[in-house]
Amino acid sequence: MQGGRICLLLQDRDLRYSWVSGPLCDIPPTDILNRTDDDLSGILDLREAIAAKRRVLETGKPADAEFSRLLGGRRAFFGLHIEPAFGRNGAVEGVVCAALEVTERKERERQLYFLLREITHRSKNLLAVIQGMARQTAHYSGSIATFLERFSARLQALSQSHDLLVQQSWRSASLRDLMHGQLAAYLEGGSLTIEGPAVWLKPEAAQMVGLAVHELAANAVKYGALSRAKGKVSVAWRHAPDAGVEISWVESGGPEVNPSHGFGFGSVVLTRTLPSALGARVDLDFDRRGVRCRIAVPDVHVSRPDQAEHILTAPR
């Protein structure tokens, strides 16, 4: 009956059916006439409907209710509008009902409910990330101007990862697209290379890895290989032996590394946030020839091929 005709029904005060306009939930009228709702309770879930009909009989005021039935292995839902049926003396002698299947509407409502719950969950997580980012950025900034510059850049990095996830309905993000999004400004001129197989990261990993790559790039621009015309950065990844993914960042050709520069907030992201949030293993090496970083993301944060095969790589 989804999107089909309305089934009209007439019942007396005992809720016995005296007239039926057509099939009700695939039940022919002949199987309904002269039977009561109690007789049909083994076929239909009429608890809410019966209670509503009895209120209409008592008050004489219209009411709405729902009932359901298992059909073909799924539960079908039906909306029911109930009006009092008045006799010649003005007394309520029964009810007139109109039933229409509303399964699709109920499914849309259910999906919307879960979507709103998911949005609320993601919003809380995002606010927590931004709050921590703001607190740590302020801690390592010597002035308001420096804070605003660094915090704005980090928000942009987070936004890049979110854009990719939104394009893929928040299922996962291509690691290649993630790298290109975070490093687009450094790709021209051959100072930076990106290489690796097709890998998709789940949402939390995409956000954290994107932020980590941004911090590595920002440090390379300020102190490392990207601060010199002849400097080189190689970014590569591979499927790790434990079925996760291993990402490497290798700098060369830049000024000799001074470990005392540290990373500030970037060091926090790499050595504390990634291990805490993802269970990732991070090796950060201030080799004098250039900073080197290895990030091993566990398998639980990597989408399986059957989950990702339908996901197209976002255009660059």
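In which sense do strand E1 (residues 7-12) and strand E2 (residues 17-20) pair, and over how many bridges? The legends below start with this view; please keep in mind that the model is predicted.

**View 1. The hairpin of E1 and E2.** Strands E1 and E2 run in the antiparallel sense and are paired over three bridges. To find your way, look for Gln-11, whose bridge partner in E2 is Tyr-17. Four residues lie between the two strands, and in this hairpin Leu-15 takes a positive phi near 60°.

**View 2. Tyr-113 and Phe-114, an edge-to-face pair.** Searching the whole structure turns up three aromatic pairs. One of them is formed by Tyr-113 and Phe-114: the ring centres are 5.4 Å apart and the planes stand at 70°, so the pair counts as edge-to-face. Tyr-113 is partly exposed, with 48% relative accessibility. Phe-114 is also partly exposed, at 40%.

**View 3. Phe-147 and Phe-151, a stacked pair.** Here the planes of the two rings make 10°, with 5.3 Å between the centres, so this pair is stacked. Both residues belong to helix H4 (residues 144-167), where they sit four residues apart, about one turn of the helix. Is Phe-151 buried or exposed? Its relative accessibility is 16%, and because buried means under 20%, Phe-151 counts as buried.

**View 4. Lys-106 over the face of Phe-77.** This close-up shows a lysine and a ring together. Lys-106 lies over the ring face of Phe-77, at 5.2 Å from the ring centre.

**View 5. An open sheet of five strands.** Which strands form the edges? They are strand E7 (192-195) and strand E11 (281-285), each of which pairs on one side only. On average, neighbouring strands of this sheet are turned by 10° against each other, direction ignored.

**View 6. Strands E9 and E10 side by side.** Moving into the sheet, we come to strand E9 (residues 232-239) and strand E10 (residues 245-252), which are antiparallel and joined by eight bridges. A handy landmark is Lys-232, which stands opposite Ser-252 in E10. As you look along the strands, remember that in a regular strand side chains alternate between the two faces of the sheet.

**View 7. Helix H7 on the sheet.** Helix H7 (residues 265-278) packs on the sheet, where it touches E11 and strand E12 (292-297). The direction of helix H7 makes about 175° with that of E11.

Notes:
Residues numbered from 1 in each chain as written. Predicted model: local features only at pLDDT ≥ 70, side-chain atom pairs only at ≥ 80, totals over all residues. Heavy atoms only, no water. Phe/Tyr/Trp six-rings, centres within 6.5 Å; stacked < 30°, edge-to-face > 60°. Buried < 20%, exposed > 50% of the residue type's maximum accessible area, 1.4 Å probe, protein only. Lys NZ or Arg CZ within 6 Å of the ring centre and 35° of its normal. Pairing = 2+ DSSP bridges. Axes fitted to C-alpha atoms, helices over the stretch in contact; angles between N-to-C directions. Contact = heavy atoms within 4.5 Å.
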